[in-house]
Amino acid sequence: MNVHARPAKTAAELALAGVYRDARSALPGGTAVAAQRNAAFEAFSGTGLPGSRLESWKYTDLRRLMADALPLAPPPDAATRAAQAKTSGGPLAGLGLRRLVIIDGALDLAHSDLADLEPGLAVRAMAEVLASDEPLLTLGGSASVTNPTLALNAALAADGVVLSIAPGAVIARPIHLAFVNTGARVAAYTRSRVVVGADAMVALVESHEGPDGAQYQVNTALELVVGDGARVDHVKVTREGNAALHVGALLAEVGARTSFTTLGFTVGGALIRNDLAIRLAGEATVAAIRGVSLLAGTQHADTSLTVDHAAPGGQSRELFKTVVDDRARAVFQGRINVRQPAQQTDAKMMVRALLLSDDARADSKPELEIFADDVQCGHGSTVGPMDEQLKFYLLARGIPEQQAKALLIQAFAAEAVETVAHEGLREVLSDATARWVQER
Amino acid sequence: MTPLLQIRGLEAEVAGRKILNGLDLTVNEGEIHAIMGPNGAGKSTLSHVLAGKPGYEITGGEVLFRGEDLLAMAPDERAAKGVFLAFQYPIEIPGVATLTFLRTALNAQRKKRGEEELSSPDLLKRVREIAKKLGVDPEMLRRPLNVGFSGGEKKRNETLQMALLEPRLCILDETDSGLDIDALKVVANGVNALRAPERGMIVITHYQRLLDYIVPDIVHVLAAGRIVRTGAKELALELEATGYAQYQGEAA
Ligand SMILES: Nc1ncnc2c1ncn2[C@@H]1O[C@H](COP(=O)(O)OP(=O)(O)OP(=O)(O)O)[C@@H](O)[C@H]1O
Ligand SMILES: [Mg+2]
């Protein structure tokens, strides 16, 4: 008997094999891409859905939690596209960002804002790039790249956005990738790629949304290559419908002397997993990696982060704030690796979870792995209920209990939200926090 | 006339330890009372119990505020009715801008009293005026509440809040500690400006010097959880000379 035998395939794993088999021939790509897809799906089949046996998925047993795998969403019809084009991105739509709309996994160039593209900015559809048989770029070096869900993404990604920003180009208008899901019982796999040239500057916002009550699945990945001396600010807003599964990845390769910030803002979705694999490949790079999650009901949201300091003199600040209400569950896994050449690295990670109910739960696992000897690194983690002392101070000034709590929850999230450089964006996120607090 | 504050036989425990031990105190409108007493006597405990801080168990006695049962009220209700405690150790509240906090507090109190809320520009004007009087740097108003404020700045900020909220009963728990000599005068002037026929004050301090500026009508000695002596303002001078040795153990 083979003691290493994998457990029997789950219904979702079997369904995924069917999904891939049915979709394969219609997915964009020539022979090279097709071969890459096959290899990726084979790799996925070898591992199956990640579950609690895998250290990196310890707290999010996708194998158990994902009951079924849904077929790829059909291309949206004209009416859906026209309707979504107006509203996609929600309050972000009012900020005058350059919005590119991805509906049910397909980039809709006709409804995207391509007017007056700044010199040096090129926008293409991933479907088109794949069709020309350019292989999917998959950034190496990080453990998360071997993630089974990322392999699935490589196999099934049909479209996404490909941006390239020429060296030295300053893109004044932030670019908004508005991912919208409209269907029920369908899945959307997208892969996007953004290559920022040396000394260029750009702000990038992703938003992911869909209707409440609809069971749909999203697997989305963004590859980000940041050239030397560039400045990139990235925000990802996950506000999927309340029955949605969202698996996302950010794979970033960051060059020397760059300034890179990313903030994940997670409010929606039933089951959310965001993998971040960020490699600070060049020297003297400054990175701020932050997240805010506001969870209620029975939501389960997992953020798993790997930051790789690979070159000397880098600085990174990781700050993750999670508010957990009702029976929701938050997971944070964060690992900072400091490679041997990365002397004078300065890395500090802080993870804080605020529990608003007795049934709320937060697991957090910050880790440091240091191979260089001259570094300043640290991490801290707190999980707990609201500070009664803080609350009492507000009550003692006449602020009623509910309002005092709301103020403190907002204040808790604000530490991360307020770091967003773009004023309009910061306000939208701050308002979204206020709304979440009021509606709880 | 109903006293502003009437405390009778108040007993309170914290963590199973009796701290207030049958405390009696009556403050009438317009009066300023000073409370002095050794470290650990229960002065801050008294102020916390009056403000409604959780963690204290009231095991006896009663407290009437303008004839109403104060201990039955939630802390925010007490504040809206006009009880204000300037904390001995004001805490830092990251993420809440001082001005936002002031606006929220004032308007919450006004709302509870059925008064109209103050518009943001009006509020800003008032806060600025008060800040100027108390020597509070307007820049501080934008900073998160008390975060990184120096000891003296925190105390000024407490006084600023008090001046803005215009309470009926002001309890100042060692507002003088941490203030330099000039700041002490400025803050004392601010407090004196609040002296009014309908307002009462309890000034907790260790130092006679504050009472040179805020001249009390009555001075009490609080030791081992109760008022053990009450006198005129000269009592403070006497205490400065004799210390508390004669009161130690008296109430035990
Ligand atoms: N949470 C607590 N647990 C146990 N004991 C406490 C607690 N809080 C206060 N006490 C005790 O109660 C007593 C009274 O404390 P309180 O702070 O009221 O004194 P105080 O008169 O204000 O002193 P000071 O002049 O030093 O400010 C002290 O012995 C203190 O140690
Ligand atoms: Mg005290």
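1. A residue counts as buried when its relative accessible area is under 20%. Keep that cut-off in mind for the points below. Note also that this is a predicted model.

2. Start with helix H6 of chain A, residues 148-156. Nine of its nine residues are buried, so by the 20% cut-off the helix is mostly covered. The buried residues are Pro148(A), Thr149(A), Leu150(A), Ala151(A), Leu152(A), Asn153(A), Ala154(A), Ala155(A) and Leu156(A).

3. What covers the buried residues of H6(A)? The cover includes three helices of chain A: H1 (11-23), H2 (31-47) and H3 (62-65). It also includes strands E6 (186-196), E8 (216-226) and E10 (245-254) of chain A.

4. Asn153(A) lies in helix H6 of chain A. Its relative accessible area is 0%, which is under 20%, so Asn153(A) is buried.

5. Which residues does Asn153(A) touch, leaving out those up to four places away in sequence? They are Tyr189(A), Thr190(A), Arg191(A), Asn219(A), Thr220(A) and Ala221(A). Take Thr220(A) as a case. In sequence, Asn153(A) and Thr220(A) are 67 residues apart. In space, their C-alpha atoms are 6.9 Å apart.

6. Move to chain B and the magnesium ion, ligand 2. Ser44(B) coordinates the ion through OG, and Gln88(B) through OE1. The distances are 2.0 to 2.1 Å. This pair links distant parts of the chain, 44 residues apart. Ser44(B) sits in helix H1 (residues 43-51) of chain B. Gln88(B) sits in the loop between strand E6 (83-86) and strand E7 (93-97) of chain B.

7. Is Gln88(B) buried or exposed? Its relative accessible area is 14%, which is under 20%, so Gln88(B) is buried.

8. Next comes ligand 1. There are 15 residues around it, and Gly40(B), Lys43(B), Ser44(B), Thr45(B) and His206(B) come nearest.

9. Look at the polar atoms facing ligand 1. A polar side-chain atom of Lys43(B) is 2.8 Å from an oxygen atom of the ligand. For Arg17(B), an N or O atom of the side chain is 3.0 Å from a ligand oxygen. For Ala41(B), a polar backbone atom is 3.2 Å from a ligand oxygen. Taken alone, ligand 1 exposes 640 Å², and the protein buries 66% of that.

10. Which element gives the most to the shell around ligand 1? H1(B) does, with three residues. Strand E2 (17-27) of chain B supplies at least two. By class, the shell has five nonpolar, seven polar and three charged residues.

Terms used: Residues numbered from 1 in each chain as written. Chains lettered and ligands numbered in written order. Predicted model: local features only at pLDDT ≥ 70, side-chain atom pairs only at ≥ 80, totals over all residues. Heavy atoms only, no water. Buried < 20%, exposed > 50% of the residue type's maximum accessible area, 1.4 Å probe, protein only. Helix = DSSP H or I, 4+ residues; strand = E, 2+ residues; numbered from the N terminus. Contact = heavy atoms within 4.5 Å. Donors = N, O, S within 2.8 Å, 3.2 Å for Na, K, Ca; no water. Near = heavy atom within 4 Å. Polar contact = N/O pair within 3.5 Å; in protein donor to acceptor, adjacent residues only side chain to side chain. Areas by Shrake-Rupley, 256 points an atom, 1.4 Å probe, with all protein chains shown as cover. Nonpolar A, V, L, I, M, F, W, Y, C, P; charged D, E, K, R; others polar.
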